[in-house]
Amino acid sequence: MTNEHIQEHVNVNSMLPAQKLYDQSEFIPVDPTQEIIFPPELMSLSKQPQRELRFVGERVLWIQPCSLKELLELKATYPNAKLVVGNTEVGIEMKFKNLLYPVILAPAYITELNIIQHTQDGIEVGASVTLTVLGDVLRAAVKKLPAHQTEVFEAVLEQLHWFAGQQIRNVAAVGGNIMTASPISDLNPVFMAAGCKLTVMSKGEKRVLEMDDKFFPGYRKTVLKSEEILLSIEIPYTRKGQYFSAFKQSTRKEDDIAIVTCGMNVLFKEKSNIVQSIRISYGGMAPVTVLATATCNRLLNRQWNEEFLEQACTSLAEDMSLSPSAPGGMVTYRRTLTISLFYKFFLTVQHKLALDLRMEGVILEDVRPEYATATELFQLDSPSSVQLYQAVPPRHNSDDVVGHPMMHISALKHATGEAIYCDDIPCYENELHLALVTSTKAHALIKSIDTSDAMTVPGVVAFISAKDIPGSNLTGPVIYDETVFADDKVTCVGHIVGAIVADTQGHAQRAAKAVKISYEELQPVIVTIQDAIANKSFYQPVRSIERGDVAQGFKDSDHILHGEMHIGGQEHFYLETNCTLAVPRGEDGEMELFVSTQAASKTQALVAKALGVPANRVVCRVKRMGGGFGGKESRSTILSTVVAVAAHTIKRPVRCMLDRDEDMLVTGGRHPFFGHYKVGYMNNGRVVALDVTLYSNAGNSLDLSLSILERALFHMDNCYNIPNIHGTGYMCKTNLPSNSAFRGFGGPQGMMIAESWMSDVALSCGRPAEEVRRINLYKEGDFTPFSQRLDQFTIDRCWEECMQLSDFNKRKEAVEQYNRQHRWTKRGLSIIPTKFGISFTAVFLNQAGALVLVYSDGSVLLTHGGTEMGQGLHTKMVQVASKTLGIPCSKIHITETSTNTVPNTSPTAASASSDLNGMAIYNACQTLLQRLQPYKDKNPKGCWEDWVKAAYFDRVNLSANGFYKTPDLGYDFDTNSGRPFNYFSYGVAISEVEIDCLTGSHKNIHTSIVMDVGKSLNPALDIGQVEGGFMQGLGLFTLEELRYSPDGYLYTRGPGMYKIPSFGDIPIELKVSLLRDAPNEKAIFSSKAVGEPPLFLAASVFYAIKDAITAARAESGLTGPFRLDSPATPERIRNACEDKFTKLCPPADPGTFTPWAVQV
Ligand SMILES: Cc1cc2nc3c(=O)[nH]c(=O)nc-3n(C[C@H](O)[C@H](O)[C@H](O)COP(=O)(O)OP(=O)(O)OC[C@H]3O[C@@H](n4cnc5c(N)ncnc54)[C@H](O)[C@@H]3O)c2cc1C
């Protein structure tokens, strides 16, 4: 990434940039002599004569032949053998589709399969040529040859640009892409539309085929015989009067598989716009790559004009139809795309034709200027960022680094890979691996479990299930409504039924897949919120908050509107999946656990419960996590208890780190929400009454859903003062894996629905959304619907500063002008505020402990109740201890979080860990300071080490624990009184986006954020949290979509189908500013919580998209509010931009078909 980073640090007394977040001069320059060299032994091997290599595995024979002859002979001997070059397809099939290929032939180094030669008609490329090399070859050709000859090459390059990532392209071969015969291959539609020639060969025969609509006779099939191999492909030159385009539409632009992909090829009769031949090929519209033959035949000999376009679109709509139940879903969108992409081709050709024919003296109409951007290919611009924070004034004590942008204490270890994560712990002797056996049914009785095949897998030691639990099988973080292992009934796909323990992870996983469970299916299967509403399937209690007189408010309103919104769930996608290593200590029921968890004490308690021992026999140790985001607050225990039970039963250490697909399947995620609302408002947009009902999809157990729902209700107002307001919340009990905590904990969902009715009100009264939002904002001293007074309310200041930072007014003018000048791309702008309540709403959790040990050499070992998950908590805690004790950070060390040093810890959650643990540490340090004071007084010129030594020799206790509980907390829903929160964190964001109305893609052009983090403990970490939280929110609101079948099967089980933001999704210009002069007297050293509050600011991107869609809809005469669910994916954006093309592809009537995926 070629970021241009500008970090500015704003001095207290001036606005001049004074210092940078980091000092580049401290970086160690690259030393080229220290580059890793390619092993000389391997280099010398390449000079030796080629010989066949054979690798014999447990189940697979891998042969690398050294000549084409050998390869063909082997293929004749083993006709079912797979040829593997990059293994990017076969590897996936073997790992995730449970396919086994006993013989694999590796032809990567065979000369004939690596040829690259220019022929009379094009370039012939060997089947083993990698995509990177193919790209290099075509780029060189494009540079050298006249433009009219390289239209197909350019199209292949365009596809390669968006094809996977560089690592995949470096190994994946062109032959692999063709022969996989995937219906969403990016290259096959181009090769088919271009009519590429394929040379195939067997031991006795060589033949040349054209890639046409007969080449792929069925799903993932080609016409090659089993003993044949693909030798090469010839990609043709184009000629004058011939035009070619390729398009790929995917959810995320970078490294994503296509939704629809295509190649389009037209040849005109000489010096005319009359079509001589045309070939259009699509991927993503059938089980195979297809040709739109009927349409193409109809278009022959016709002029390339508006009438032609109309006929082409109508014909494509018929030709490219899809069953409403088609696998992959998005049926309306995919159909619309076939036409929209053709329209792009039409305009592109119209433009090129006009230019080319003008040279020949033929005058044709060019593309209208306002349509021109529809012909531009999607580009990613390099992002740049600005980071602003307030410098702390110079102090006497240079050791005091509170307020300084100190680097994360493990940052270098993270970067070099030296940081130790749970699975990096070296294996114990005798250690075993565990794999989960999970349900394939959403709601069923278990009739029988057959482990006979599983037990024959080599290395398998045991199958563990409910009957092995020595203590209680009941578990759950708040109430015990779950089981460690399902005993007779499963209530979701992914429900843990048992576990296989074996000598390796591979054997354990293989055996787990071989366990056969027979079920008796039960009804109803409740998957979606709508199913739950229909079946009245709710957990109790139903919560509500009310203030004012809502009925009267509606009577007093000038207008009333109704609306709905659905917000999809989100996968935590921590880099490190859940991991537990359980080591039985061999006596007294002791068990030591190494866990990647945010909740060490909860893990300890639930493991002790399952093992039937007191908590004092179980130690839970957490060094660090590779991300948690709430996903390891309670759901990590479902794995830890299973692993602990296995270790206890077998009496050997047992380890399990879930693969990504396993983790996504069993651990749940953010709660999807559905809200419907009735809003009463005045002509100027002032909202006077609101009635909102929220439903969350809680899944098959209660977990933390009640607190999450409560937080959603506490945030149903976002930052707006609604005098008469009533909110009700229901938790839907469904047959999905239990949903759980996720950064924001229901708050973002509550606020998102608030912004939906706010946006509807603005659209209804036709006033600028920023003006309507502004007049509804709270003011200092106002009360929330739950009767909490808003003190030190800084939204006003954040708002004004954000307006300035983003240059809002100028930006708005530019957006409006852009939209007047462009029909098929539109820009949108939005400002969104946020107010986030800080505290656990379960009052007892607002406590923390710390243990500070001072050793006689003066070094300090610090332990506290919080866990480190990359957020920098330990760094901030070292800063707090350093400032309090008055010693440099270098003297203080944190080794881990453990239940035998600080007991009864609250999970590291609710953004409150710096507040709580910081105060506990402060408390412990004060105790130590008091004990050291006499020695300081005796020796005022001495140093820390002198005082510590003197105290030690004087037999003073140099260890102290500290404790803190947040004062004055407690809210009562029945009386709507008390304080749920200690204070609020505030922020405002402004975002600008550009949408492509024809494809639904969007670009994040600009975001400015002003965030109130109080007096920042560490601006580098806080800005990191703001940027990271914002990007995670951006994923939530614009990209990430969990897709379930109607019977509760999760399709999206990995990065292949589930897309989190990539570099290209970072706003091209991202400015983050921490609000100046905003000390918060309620938390340690006047700081504020920062982990969760910024996430919601990404809603500014969502509402900027909605603003752009509004502009697009206006072109079709559509005005007023419209429903846009979250995330605003390309599918939703395109479908909302209704136009003449969408009209050709109306959706099927709901209820008349079974969709492939449902909105849960
Ligand atoms: C992360 C990721 C991202 C991806 N992104 C994309 C994408 O954006 N677009 C896309 O289209 N695909 C994508 N793919 C799919 C895959 O990378 C491509 O299909 C790739 O070109 C396969 O090449 P390979 O050499 O790795 O194939 P392999 O896995 O080695 O083989 C694939 C198949 O081709 C057969 N085969 C290979 N060579 C021959 C031959 N000479 N003769 C006969 N049969 C042969 C093999 O037997 C096998 O069936 C992606 C895959 C991954 C893992």
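Colleague: Which residues make up domain 3 and domain 4 in the domain assignment of the protein chain?

Modeller: The model is predicted, and the bounds come from an automatic or database domain assignment. Domain 3 is given as 426-523 + 575-627 + 632-667. For domain 4 the assignment gives 745-840 + 975-1128.

Colleague: How many residues does each of these two domains bring to the contact?

Modeller: Taken over C-alpha atoms, the centres of domain 3 and domain 4 are separated by 39 Å. The contact takes 11 residues from domain 4, and from domain 3 it takes seven residues.

Colleague: Is Asn 273 buried or exposed?

Modeller: Asn 273 is found in the loop between strand E12 (260-268) and strand E13 (275-283). Beyond four places in sequence, Asn 273 touches Phe 268, Arg 302, Gln 303, Trp 304, Leu 353, Leu 357 and Leu 364. Its relative accessibility is 9%, and the class of buried applies under 20%. Asn 273 therefore counts as buried.

Colleague: With which side chain does the side chain of Asn 273 make a polar contact?

Modeller: Gln 303 is among the residues that Asn 273 touches. The polar contact is between side chains, at 3.4 Å, and the partner of Asn 273 is Gln 303.

Colleague: What is the relative accessibility of Thr 693?

Modeller: Thr 693 is found in strand E31 (residues 687-699). Leaving aside neighbours within four places in sequence, it is in contact with Phe 674, Gly 675, His 676, Thr 728 and Tyr 730. Thr 693 counts as buried, at a relative accessibility of 12%.

Colleague: Where do Asp 136 and Arg 139 lie?

Modeller: The side chains of Asp 136 and Arg 139 meet in a salt bridge of 3.3 Å, N to O. Asp 136 is partly exposed at 43% relative accessibility, and Arg 139 is partly exposed at 46%. The two residues are three apart, about one turn of the helix, and both lie in helix H4 (residues 131-144).

Colleague: How many residues apart are Arg 279 and Glu 210?

Modeller: Arg 279 forms a salt bridge with Glu 210, with the closest N and O atoms 2.9 Å apart. This pair links distant parts of the chain, Arg 279 in strand E13 and Glu 210 in strand E9 (residues 206-210), and the separation is 69 residues.

Colleague: Which helices hold Glu 800 and Arg 774?

Modeller: Glu 800 and Arg 774 form a salt bridge, the closest N and O atoms being 2.9 Å apart. The pair ties together parts that are 26 residues apart in sequence, because Glu 800 lies in helix H23 (residues 795-806) and Arg 774 in helix H22 (residues 769-776).

Note on methods: Residues numbered from 1 in each chain as written. Predicted model: local features only at pLDDT ≥ 70, side-chain atom pairs only at ≥ 80, totals over all residues. Heavy atoms only, no water. Contact = heavy atoms within 4.5 Å. Helix = DSSP H or I, 4+ residues; strand = E, 2+ residues; numbered from the N terminus. Buried < 20%, exposed > 50% of the residue type's maximum accessible area, 1.4 Å probe, protein only. Polar contact = N/O pair within 3.5 Å; in protein donor to acceptor, adjacent residues only side chain to side chain. Salt bridge = Lys/Arg side-chain N within 4 Å of Asp/Glu carboxyl O.
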